[in-house]
Amino acid sequence: MNQSPVETALSRALIRWSLTKATPVAETPTSWVFRVEQNGRNFAILKILKPGMGEGERRGGALMNWYGGEGAATVFDSHGDTLFLEWLDGIPLSDAVRQGRDDEATIALSSVVSNLHRPRADAPDDLLPLRQHFNALFATDVRAWPHTARDLYARCNGVALTLFDKPSAQIPLHGDLHHDNIISSGRGWLAIDPKALVGDPAYEVANAFINPMGADKLAADPRRIAGMADIFNQRLGFSRKRMLGWAAAHAALSACWDLEDGKPITGQLACLPNLLSAYDQA
């Protein structure tokens with residue numbers, strides 16, 4: 001009987017790394033994820049990329065490997081389109097927010113960023129430029145936005161262009177650092193699933209301002225926006241102006257992606273006026 005691509009890749013991985021059991025954990029648009037066991041004691045993750053979906057995921061795998069387990073889950077090995085990763089047995093950082101520990105979550109996120117941004121030699125050379133990551137924002141027809149929100153789109157487009165026009169450091173970025181991509185473990189909070197970008201360090205925290213998912217009222221609260229900016233500024237040294245500019249620009253970019261997919265953008269629209277106001281005041 002012919003095996004499917006995932007069955008073939010899984011069988012080969014079990015043999016290659018002497019794994020004894022595999023349990024499906026998730027299927028994403030780009031990959032299949034399994035929890036695997038070694039001799040019934042040690043757990044790990046296998047991430048098998050779907051055919052034709054590998055470019056961005058391979059970049060992410062290479063960046064995770066470059067992190068060397070500092071601030072991110074450890075990559076034990078890889079072969080072809082399969083990653084063999086550390087199993088993280090804790091909760092996502094979003095759960096801490098839902099438990100009323102939002103400031104603690106922001107501090108934890110700061111620590112993760114600090115570890116990810118440690119200087120390291122020999123960064124991957126195929127990281128996606130941040131400017132290219134923003135293509136959807138600049139290419140979107142303003143008429144795709146609700147009539148009453150088109151001024152927000154125009155403002156964010158202008159803010160993004162201003163940020164790109166002002167020189168900044170260019171470093172490897174996780175690029176998708178939100179509360180559900182940070183998991184607790186015996187080694188502390190660790191990041192997973194990077195976009196693998198290169199660009200302004202201050203962009204790294206942009207996604208956190210409109211997260212976690214389902215917490216739109218919290219994310220739109222001006223006091224929360226100011227508090228997050230304070231913590232990131234104090235702990236990471238990022239310019240409040242650049243951080244808040246990237247946060248607004250990223251919220252608009254996120255809205256453009258959702259509009260392309262036919263999804264509502266109510267969360268982004270709730271956040272954008274207050275993000276732009278905070279940016280103007282910074």
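This is a predicted model: local features need pLDDT of at least 70, side-chain atom pairs count only at pLDDT 80 or more; totals for chains, interfaces and linings use all residues.
Residues are numbered from 1 along each chain as its sequence is written, and side-chain values use heavy atoms, with hydrogens and water left out.

**The two pockets**

A pocket is an open set of points on a 1 Å grid over the protein atoms alone, where a 1.4 Å probe fits, with protein on both sides within 12 Å along at least five of seven lines; lining residues have an atom within 4 Å of a point. Its volume is the space filled by probe spheres set on the points, which are joined across faces, edges and corners.

| Largest | About 1,200 Å³ | 18 nonpolar, ten polar, seven charged residues |

Let's take the largest pocket to begin with. Of the 35 residues that line the largest pocket, Thr28, Thr30, Lys47, Glu57 and Asp193 are the closest to its centre. Elements that give two or more residues to this lining include strand S1 (21–27), strand S2 (31–38) and helix H2 (54–67); helices (H or I, at least four residues) and strands (E, at least two) are DSSP runs, numbered from the N terminus. H2 gives the most, with six residues. The largest pocket lies between domain 1 (5–86) and domain 2 (91–281), because both give residues to its lining. Those domain bounds come from an automatic or database domain assignment.

The second largest pocket has 24 lining residues, and the closest to its centre are Met213, Ser254, Asp258, Lys263 and Gln268. Helix H8 (216–220), helix H10 (240–260) and helix H11 (266–281) each supply at least two residues of this lining, with H10 giving the most, at five residues.

**A closer look at H10**

H10 has 21 residues and reaches 30 Å from its first C-alpha to its last, close to the 30 Å expected at 1.5 Å a residue. The expected span is 1.5 Å times one less than the number of residues. Of the 21 residues of H10, 16 are buried (under 20% relative accessible area with a 1.4 Å probe, protein chains only; exposed means over 50%, and partly exposed in between). At the start of H10, a side-chain oxygen of Ser239 comes to within 3.2 Å of the backbone nitrogen of Lys241. Just after H10, Gly262 has a positive phi of about 75 degrees.

**Backbone points worth a look**

Most residues other than glycine have a negative phi, and most peptide bonds are trans. Asp193, in the loop between strand S9 (190–191) and strand S10 (197–199), has a positive phi near 50 degrees and is partly exposed at 35% relative accessible area. Ala196 is found in the loop between S9 and S10; its phi is near 65 degrees, and Ala196 is buried at 0%. Pro212 sits in the loop between S10 and H8, and the peptide bond from Asn211 to Pro212 is cis, with omega near 5 degrees.

How values were computed. Ala, Val, Leu, Ile, Met, Phe, Trp, Tyr, Cys and Pro count as nonpolar, Asp, Glu, Lys and Arg as charged, and the others, Gly among them, as polar. A polar contact is a pair of N or O atoms within 3.5 Å; within protein, one must be able to donate a hydrogen and the other to accept it, and residues adjacent in sequence count only if both atoms are side-chain atoms.
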